[in-house]
Amino acid sequence: MKEKELILSECSLDGIVLVEASAGTGKTYSITRIVLRLLLEKNLEMEEIAIVTFTEASRYDLIGRMRSVLQNALEDRIEKNDELTRILSRIPENERMEILSRALASFDRAAILTIHGFCHRILREFAFETGSLFESEVIADTMDLKRAAAGIFWRKKMKELPEF
């Protein structure tokens with residue numbers, strides 16, 4: 001199967017959009033453009049879009065770049081050859097300014113999360129639906145739990161051994 005070039009100003013916004021690629025290939029660039037299109041063309045709010053990434057570092061980078069793209073688009077500080085120009089030109093200026101202002105005002109409520117953070121949020125917000133406890137904790141590093149379980153196991157086994 002031959003891969004097609006992703007043209008961000010034309011890709012479908014229906015359903016789930018998955019951006020997966022190697023480091024340094026433009027994932028953050030692609031995500032910021034897709035989110036901008038969702039805001040402008042689908043009239044979604046920032047808190048209605050879930051952006052899930054792998055590491056805290058990529059999450060913080062994405063937060064900074066997304067806020068910057070919104071701010072630059074609002075202040076019309078976009079390079080004219082940038083794909084953003086095509087995306088922004090589809091929406092009348094007054095409507096665009098309102099949408100971008102609203103997105104920036106609500107930016108702190110945006111769901112830009114790591115996989116771990118996303119799982120924790122879903123378990124907390126949908127405790128009844130998922131059958132989880134309200135005070136459940138999602139643990140990223142389970143090494144301490146494994147050590148404790150191994151210690152309990154060996155202490156129990158040592159008790160069962162006959163004395164010499």
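1. On the α1 side the contact uses T28, Y29, I31, T32, R33, V35, L36 and L39, and on the α2 side D61, L62, R65, M66, V69 and L70. Contact means heavy atoms within 4.5 Å.

2. Before going further, some ground rules: this is a predicted model, where local features need pLDDT of at least 70 and side-chain atom pairs count only at pLDDT 80 or more, while totals for chains, interfaces and linings use all residues. Residues are numbered from 1 along each chain as its sequence is written, and side-chain values use heavy atoms, leaving out hydrogens and water.

3. On the overall layout, the protein chain has seven helices and two strands, both being DSSP runs numbered from the N terminus (H or I, at least four residues, for helices; E, at least two, for strands). Going along the sequence, the order is α-β-α-α-α-β-α-α-α. Of the chain's 164 residues, 30% count as buried (under 20% relative accessible area; exposed is over 50%, partly exposed in between, with a 1.4 Å probe and protein chains only). Take the contacts between residues at least 6 apart in sequence: 68% of them join residues at least 24 apart.

4. α4 packs against α1 as well. Those two axes come within 9 Å and cross at roughly 120°, which makes α1 oblique to α4. L36, L39 and L40 of α1 meet R96, I99, L100 and A103 of α4.

5. The α2/α4 pair has its axes 9 Å apart, at an angle of about 145°. Here α2 passes α4 in a left-handed crossing. From α2, the residues involved are R67, L70, Q71, A73 and L74, and from α4 they are M97, L100, S101, A103 and L104.

6. Now the core. The largest nonpolar core has 31 residues, and V35, L36, L39, M46, L70 and L88 touch the most other members. (A nonpolar core is a set of buried Ala, Val, Leu, Ile, Met, Phe, Trp, Tyr and Cys residues joined through side-chain atoms within 4.5 Å.) At least two residues of this core come from each of α1 (27-41), α2 (56-74), α3 (83-89) and α4 (93-105). α1 supplies the largest share, seven residues. V35 is worth a click: beyond its neighbours within four places in sequence, V35 is in contact with M46, I49, I51 and M66.

7. What about the strands? β1 (residues 50-53) and β2 run parallel and are joined by four bridges; strands pair if DSSP finds at least two bridges between them. T53 has T114 in β2 as its bridge partner. β2 (residues 111-114) is covered on both faces, with A111 and L113 buried on one side and I112 and T114 buried on the other.

8. R37 is in α1, yet it counts as buried at 5% relative accessibility. Setting aside neighbours within four places in sequence, its contacts are L8, S9, E10, C11, L13, K42, I87 and R90.

9. Two loop residues deserve a look. N43, in the loop between α1 and β1, has a positive phi of about 55° although it is not a glycine. Most residues other than glycine have a negative phi. N43 is partly exposed, at 47% relative accessibility. S106, in the loop between α4 and β2, is buried at 4% relative accessibility. Not counting residues up to four places away in sequence, S106 touches M46 and E47.

10. Last, C119. This cysteine lies in helix α5 (residues 115-125) and is partly exposed, with a relative accessible area of 36%. C119 and V52 are 67 residues apart in sequence and 9.9 Å apart in space, C-alpha to C-alpha.

Methods. Axes fitted to C-alpha atoms, helices over the stretch in contact; angles between N-to-C directions. Parallel < 35°, antiparallel > 145°, perpendicular 65-115°, else oblique. Left-handed = near helix turned anticlockwise from the far one by under 90°.
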